[in-house]
Amino acid sequence: MAANFPSLLSPATAREALWPNTNAAPTPIDRIRRLVWKIAIATLALMAVGSATRVMNAGLACPDWPLCYGQLVPQQQMNLQVFLEWFHRLDAALIGLSTLWLVALSLWYRRQVPGWLPWAAVGALALIGVQGALGGLTVTQLLRFDIVTAHLGTALLFFSAMLVIACCLLPYRSTGTVGRLPWIGLAALTVVYTQCLLGGLVGSRWAAHQCLGLKELCQVMNSHLLGILPSTAMVLALTWTVWRTPALTYPLRRLGSLVSVLLVLQLVMGIATFRLRLQIEPLTVAHHTLGAALVGTLVCFTVLAWRDARSDLSQNRLESPPEGGRLGTAENPSTPTVSTAEV
Ligand code: HEM
Ligand code: HEM
């Protein structure tokens with residue numbers, strides 16, 4: 001049984017990996033990883049503000065773009081709706097600048113960080129550029145539903161990109177016993193991401209309001225309700241497989257349980273949003289934010305599971321331990337292996 005196997009990365013080690021001892025001088029990888037976690041958390045908060053902007057009907061509260069009423073700070077027009085839209089743009093600009101800083105840091109330290117990092121940082125910067133352009137189009141095209149949905153989809157992609165980079169930079173002790181979990185993680189992630197896009201379509205077309213009130217656009221609403229089935233099935237399959245897999249690392253075990261908790265909360269929020277006929281705006285914002293958190297947790301799970309699987313593969317191929325801190329040996333594949341980002 002799984003419970004008989006030790007968790008090879010303990011809670012203390014996991015905490016140390018996520019928030020390394022601040023007394024020790026941080027390495028360039030530590031500095032960059034901390035920056036990436038901060039950008040990821042700020043993006044989740046920004047997505048919640050974006051959802052509040054939509055739910056509060058504040059999408060066109062600033063009628064022009066990139067300025068708001070032709071000003072940097074529209075003091076005279078300021079009210080809750082203008083504030084939401086203006087703050088959303090300000091926050092987005094800060095995230096854009098932080099991503100530029102990430103590119104600069106990864107280029108500056110390019111000899112001390114993995115070769116893929118500068119490329120990944122430039123890719124993330126390109127994504128944020130696309131996101132800013134979609135944000136502008138959202139306003140100039142008067143909240144066209146396909147643009148609003150694409151804006152949500154790119155936001156989730158950028159958030160995921162940050163988490164992929166952060167998880168690839170984590171020092172990670174693998175056990176090489178993940179089996180099919182990387183694929184199950186990827187499948188669950190794809191299904192839940194699609195479910196979020198369907199939710200975005202419902203929101204941007206106001207399909208729930210229309211279906212409940214006028215019996216119109218019910219097929220859009222129903223597509224999101226149908227999407228609950230594959231999402232729930234994949235997340236439960238993932239958690240079940242995690243429970244059944246012995247000797248998994250502590251982060252994989254915890255993330256595997258967390259996705260189920262988030263799914264249950266998300267279902268409860270969705271049902272409450274629906275039953276209360278979308279009258280409680282914070283509920284819809286919470287539903288949106290939990291959906292993004294679910295995607296983020298699945299991204300972290302999948303990346304760590306792939307890192308585990310890759311270390312398993314290379315372990316089978318290698319006769320002798322390579323450079324990079326591997327603790328396991330080819331003769332004893334069950335020995336845990338430690339890898340940080342490959343430099
Ligand atoms: C890092 C950059 C950005 C992120 C992560 C982001 C994220 C989001 C998210 C998740 C939503 C909610 C979409 C939904 O509920 O379906 C949203 C809404 C919105 N965003 Fe952004 N956004 C960013 C940048 C911008 C920029 C630069 C603008 C420029 C005008 C903008 C304008 C809007 C508007 C107008 C809405 C409301 C859409 C509506 O009312 O239907 N966003 N944003
Ligand atoms: C895996 C489960 C689910 C995920 C990942 C998910 C995700 C989402 C997302 C990301 C949105 C967009 C919110 C926004 O644009 O701000 C949304 C909207 C919505 N969801 Fe879900 N959802 C799930 C389950 C449910 C359930 C179980 C229900 C109800 C039975 C539901 C009802 C709704 C409704 C009514 C909206 C539209 C809100 C609006 O118009 O403002 N969802 N969902």
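1. Ligand 2 lies between domain 1 (27-171) and domain 2 (175-317), because both domains give residues to the shell around it. The domain bounds come from an automatic or database domain assignment. The model is a predicted one: local features need pLDDT of at least 70, side-chain atom pairs count only at pLDDT 80 or more, and totals for chains, interfaces and linings use all residues. Residues are numbered from 1 along each chain as its sequence is written, while chains are lettered from A and ligands numbered from 1 in the order in which they are written.

2. The shell around ligand 2 holds 28 residues, of which Gly 199, Gly 203, Gly 270, His 288 and Gly 291 come nearest. Two or more residues of this shell come from each of α2, α6 (181-204), α8 (218-226), α9, α10 (250-275) and α11 (281-317). A residue is near a molecule if its C-beta atom, placed from the backbone, lies within 6 Å of it. By class, the shell around ligand 2 comprises 13 nonpolar residues, 14 polar residues and one charged residue. Here Ala, Val, Leu, Ile, Met, Phe, Trp, Tyr, Cys and Pro count as nonpolar, Asp, Glu, Lys and Arg as charged, and the others, Gly among them, as polar.

3. Ligand 1 is surrounded by 31 residues, the closest being Gly 50, Gly 59, Ala 92, Gly 135 and Ala 155. At least two residues of its shell are supplied by each of α2, α3 (80-108), α4 (116-140), α5 (145-169) and α6. The shell around ligand 1 draws at least three residues from each of domain 1 (27-171) and domain 2 (175-317). Its residues divide into 12 nonpolar, 16 polar and three charged.

4. As to overall architecture, the protein has 11 helices and two strands, arranged along the sequence in the pattern α-α-α-α-α-β-α-α-α-α-α-α-β. These elements are DSSP runs, numbered from the N terminus: helices are H or I runs of at least four residues, and strands are E runs of at least two. Among contacts between residues at least 6 apart in sequence, 74% join residues at least 24 apart; a contact requires C-beta atoms, placed from the backbone, to lie within 7 Å.

5. Of the 343 residues in the protein, 38% are buried. A residue is buried if 20 or more other C-beta atoms, placed from the backbone, lie within 10 Å of its own, exposed if 12 or fewer do, and partly exposed in between.

6. Helix α2 (residues 28-55) has 28 residues and should span 40 Å at 1.5 Å a residue; its end C-alpha atoms are 41 Å apart, which agrees. The expected span is 1.5 Å times one less than the number of residues. After α2 comes Asn 57, with a positive phi near 60°.

7. The peptide bond from Trp 65 to Pro 66 is cis, with omega near 10°, and Pro 66 is found in the loop between α2 and α3. Trp 206, although not a glycine, has a positive phi of about 50°; this residue lies in the loop between α6 and α7 (207-214). Ala 247, likewise not a glycine, has a positive phi of about 60° and is placed in the loop between α9 and α10. Trp 206 is partly exposed, because 17 other C-beta atoms lie within 10 Å. Ala 247 is partly exposed, with 17 other C-beta atoms within 10 Å.

8. Ile 228 belongs to helix α9 (residues 228-244). Ile 228 counts as partly exposed because it has 16 C-beta neighbours inside 10 Å. Ile 228 and Leu 263 are separated by 35 residues in sequence and by 9.9 Å in space, C-alpha to C-alpha.

Technical notes. Two residues are in contact if their C-beta atoms, placed from the backbone, lie within 7 Å.
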